[in-house]
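I am keeping these entries as a record of what I looked up in the structure, one topic at a time.

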Amino acid sequence: MIQPQLTRAQAPIDPKKLARQLEAMQPGWPAARRINCRRMKCVALTFDDGPGEYTARLLDLLSARKVRATFFVVGQMVAAHGGAQLVRRIVAEGHELGNHTWNHPPLTGLTDRGLRFQLKHTNDLVEHVTGVRMRVMRPPYGATNRRVAAEARRLGLAQVLWSVDTLDWQDRVPALVARRAGKAAVGSIVLMHDIHRSTVQAVPALLDLLAKKGCTPVTISELYGGTPVPGRMYTARMDKAR
């Protein structure tokens with residue numbers, strides 16, 4: 001069984017000390033925004049499979065537009081060189097972190113022990129390097145069942161799927177990805193992947209399309225007005241603004 005490997009730079013980190021440092025850097029961290037998705041036209045942007053080599057550029061783009069998103073991170077990517085620094089930046093800039101397992105297997109085919117490892121070790125590693133306990137998860141390939149839901153509930157994780165699939169992993173064309181994502185209806189959860197350069201290149205055009213529709217990009221918790229219920233499955237918000 002694969003075990004998380006922490007680098008020397010990661011090992012000494014005290015989560016509580018880091019949280020105090022981040023709070024001192026950004027009073028009120030994580031900074032709350034006045035978002036009411038019952039009245040506003042909200043669309044949740046989500047990015048899977050990172051952090052990777054294009055995540056920093058994506059964060060630059062989102063920061064320039066004051067946009068927040070949810071990043072469903074893979075434990076192995078967090079443990080890789082530079083991964084811890086990126087997830088700390090994601091948190092510091094007000095984005096939401098979600099659990100996307102340790103190495104992206106279909107969870108429904110795992111033993112109970114394997115399922116628990118995939119979610120718990122990723123949760124533990126992210127908390128170790130950021131001081132943040134994740135409250136949402138996304139099962140790879142959208143593969144879930146009662147056992148997955150039960151384990152997610154036990155770990156305090158809501159299951160977040162999606163209502164708009166940009167197929168950005170298949171079609172690496174920025175204009176096409178932006179157009180698909182830009183068709184999102186109010187209350188949608190949009191699936192993208194920050195490990196693809198073409199997806200990051202699509203973001204400026206996507207944000208322009210959403211702005212023209214009067215839509216506000218939000219995190220998953222902002223979309224639902226608070227932390228979703230552990231174990232429950234979410235694909236979109238139905239009681240949305242019209």
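**Entry 1: a proline in a loop.** I began with P51, which sits in the loop that runs between β1 (42-48) and α2 (55-64). The model is a predicted one, and in it the peptide bond joining G50 and P51 is cis, with omega at about 0 degrees. I noted this bond because most peptide bonds are trans.

**Entry 2: positive phi values.** Most residues other than glycine have a negative phi, so I looked for residues that depart from this. T101, which is not a glycine, has a positive phi near 75 degrees, and its place is the loop between β3 (96-99) and α5. Is T101 buried or exposed? The relative accessible area of T101 is 0%, and T101 is therefore buried, given that the limit for that word is under 20%. L167 is another residue that has a positive phi without being a glycine, here of about 55 degrees. I found L167 in the loop that separates β6 (164-165) from α7 (174-182), where its relative accessible area of 26% makes it partly exposed.

**Entry 3: the chain as a whole.** I then stepped back to the overall counts. The chain holds nine helices and nine strands, and of its 242 residues 52% are buried. When I took the contacts with a separation of 6 or more, residues 24 or more positions apart accounted for 78% of them.

**Entry 4: cysteines.** How many disulfides does the count come to? The count comes to one disulfide, formed by C37 and C42, whose sulfur atoms are 2.2 Å apart; that distance falls within the 2.5 Å that the assignment asks for. The torsion about the S-S bond of C37 and C42 is about -90 degrees, so I recorded this disulfide as left-handed. Both partners are buried, C37 with a relative accessible area of 4% and C42 with a relative accessible area of 1%. C215, by contrast, is in no disulfide, and the nearest cysteine sulfur to it, which belongs to C42, is 8.5 Å away. I also looked up the accessibility of C215 and found this residue buried, with a relative accessible area of 9%.

**Entry 5: a lysine in a loop.** K213 belongs to the loop between α8 (197-212) and β8 (216-218). With a relative accessible area of 34%, K213 is partly exposed. Which residues does K213 touch, not counting residues up to four places away in sequence? I found that K213 touches K41, G182, K183 and A184. For the pair K213 and G182 I also noted the separations: they are 31 residues apart in sequence, while their C-alpha atoms are 8.9 Å apart in space.

**Entry 6: α7 against α8.** Two packed helices are described by the angle between their axes and the distance between the axes, so I looked up both values. The axes of α7 and α8 cross at roughly 40 degrees and come within 8 Å, and the two helices are therefore oblique to each other. Their crossing is right-handed. On the α7 side the contact involves P174, V177, A178, R179, A181 and G182, which meet S198, Q201, A202, A205, L206, L209 and L210 in α8.

**Entry 7: α5 against α6.** The last pair I looked up was α5 (residues 112-130) with α6 (residues 146-154), which pack at an angle of about 45 degrees with their axes 10 Å apart. I recorded α5 and α6 as oblique to each other for that reason, and I noted that α5 passes α6 in a right-handed crossing. D112, L115, R116 and L119 of α5 make the contact with R147, V148, E151, A152 and R154 of α6. The residues of the contact of α5 with α6 divide into four nonpolar and five charged, with no polar ones.

Key: Residues numbered from 1 in each chain as written. Predicted model: local features only at pLDDT ≥ 70, side-chain atom pairs only at ≥ 80, totals over all residues. Heavy atoms only, no water. Axes fitted to C-alpha atoms, helices over the stretch in contact; angles between N-to-C directions. Helix = DSSP H or I, 4+ residues; strand = E, 2+ residues; numbered from the N terminus. Parallel < 35°, antiparallel > 145°, perpendicular 65-115°, else oblique. Left-handed = near helix turned anticlockwise from the far one by under 90°. Contact = heavy atoms within 4.5 Å. Nonpolar A, V, L, I, M, F, W, Y, C, P; charged D, E, K, R; others polar. Buried < 20%, exposed > 50% of the residue type's maximum accessible area, 1.4 Å probe, protein only.
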